[in-house]
Amino acid sequence: MKIKEFLKFYLGYNTFRVVNETGDRWTDDVLSKEEVLKSFGNAELKRTDIDGEEYMCSLVLFIADKDFKE
């Protein structure tokens, strides 16, 4: 599923971090939904995870290595 399709219906989080599939590259900053859609909207979503403390959580979006933009 493409990230833009996933986020169209997913309303649980307002902050995101994008990580490549192997986990060795990630966005330096926490991104808003709009920033994720602009940079990674067409990337294929591989899986998700939760990152952060109880009151300051971000949803981690894992994408294919080839879709990760520096």
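This is a predicted model: local features need pLDDT of at least 70, side-chain atom pairs count only at pLDDT 80 or more; totals for chains, interfaces and linings use all residues.

Entry one, D67. I started with its neighbours: leaving out residues up to four places away in sequence, D67 touches F40, A43 and E44. Next I looked up where D67 sits, and found it in the segment after β4 (56-63). Is D67 buried or exposed? Its relative accessibility is 18%, and the cut-off for buried is under 20%, so D67 counts as buried. I also checked its side chain, which makes a polar contact with the side chain of K66 at 3.2 Å.

Entry two, strand β1. I looked at residues 15-20, which form β1, and found 5 of the 6 buried, so this strand is largely enclosed by the rest of the structure. Which strand does β1 pair with? The partner is β2 (residues 31-32), in the antiparallel sense and over 2 bridges. For F16 I noted the bridge partner in β2, which is L31.

I moved on to the loop between β1 and β2, where T27 lies. T27 has 10% relative accessibility, so I put it down as buried. What does T27 touch, not counting residues up to four places away in sequence? I wrote down R17, V18, F40 and F68. Last, I took the C-alpha to C-alpha distance from T27 to D51: they are 13 Å apart in space and 24 residues apart in sequence.

Notes: Residues are numbered from 1 along each chain as its sequence is written. Side-chain values use heavy atoms; hydrogens and water are left out. Helices (H or I, at least four residues) and strands (E, at least two) are DSSP runs, numbered from the N terminus. Buried means under 20% relative accessible area, exposed over 50%, partly exposed in between (1.4 Å probe, protein chains only). A polar contact is a pair of N or O atoms within 3.5 Å; within protein, one must be able to donate a hydrogen and the other to accept it, and residues adjacent in sequence count only if both atoms are side-chain atoms. Contact means heavy atoms within 4.5 Å. Two strands pair if DSSP finds at least two bridges between them.
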